[in-house]
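Hello,

Here is the model we talked about handing over. Please look through it, then read my notes below.

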Amino acid sequence: MVNEQDRAQVSLQFTTRATIEGVTGDLVLSAPSLAELRKALRSFPQAGIEAVAPVAALSVAPVASGDDAPLCKYHGRMKASKFGGWHCTAKMGDGNYCEEKVK
């Protein structure tokens, strides 16, 4: 996860399912640009990280802006919902949308 001080500099976050040393879970990458995010993804094999889903099949979600928006515990700032409250619009590593919401 990104700490609050670094969050202001992050423009992209990417979540994928990955296996590291035999343990599989969600892996969240944060980068200031798409070029830096691609560089990090290309480093997976050298770092011993195996993406469970093909990287090309996963989405990159921009971090929502607005200082008053609550934070998703996985992806950063949430977006205002047209039904009231806030919701996260990013996808998880399994391809499903994040279910984090604030009423």
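Three strands make an open sheet in the order S7-S8-S9, paired antiparallel. Strands here are DSSP E runs of at least two residues, helices are H or I runs of at least four, and both are numbered from the N terminus. Two strands count as paired if DSSP finds at least two bridges between them. Strands S7 (79-80) and S9 (101-102) are the edges, each pairing on one side only. S8 (residues 86-87) meets S9 over two antiparallel bridges. There, Trp-86 sits opposite Val-102 of S9.

This is a predicted model, with pLDDT of at least 70 required for local features and 80 or more for side-chain atom pairs, while totals for chains, interfaces and linings use all residues. Numbering starts from 1 along each chain as its sequence is written, and side-chain values use heavy atoms, leaving out hydrogens and water.

Now S1 and its partners. S1 and S2 are antiparallel, joined by nine bridges. Gln-13 has Ser-30 in S2 as its bridge partner. The two strands form a hairpin with two residues between them, and Glu-21 in the turn has a positive phi of about 50°. S1 also runs antiparallel to S3 (residues 49-51), with three bridges. Ile-20 faces Ile-49 of S3.

Last, the cores (buried Ala, Val, Leu, Ile, Met, Phe, Trp, Tyr and Cys residues joined through side-chain atoms within 4.5 Å). The largest nonpolar core has 10 residues, including Leu-12, Phe-14, Phe-44 and Ile-49. S1 (12-20), S2 (23-31) and helix H2 (34-42) each give it two or more residues. Another core lies apart from it, with six residues, among them Cys-72, Met-78, Met-92 and Cys-98.

Best wishes

Terms used
Buried < 20%, exposed > 50% of the residue type's maximum accessible area, 1.4 Å probe, protein only.
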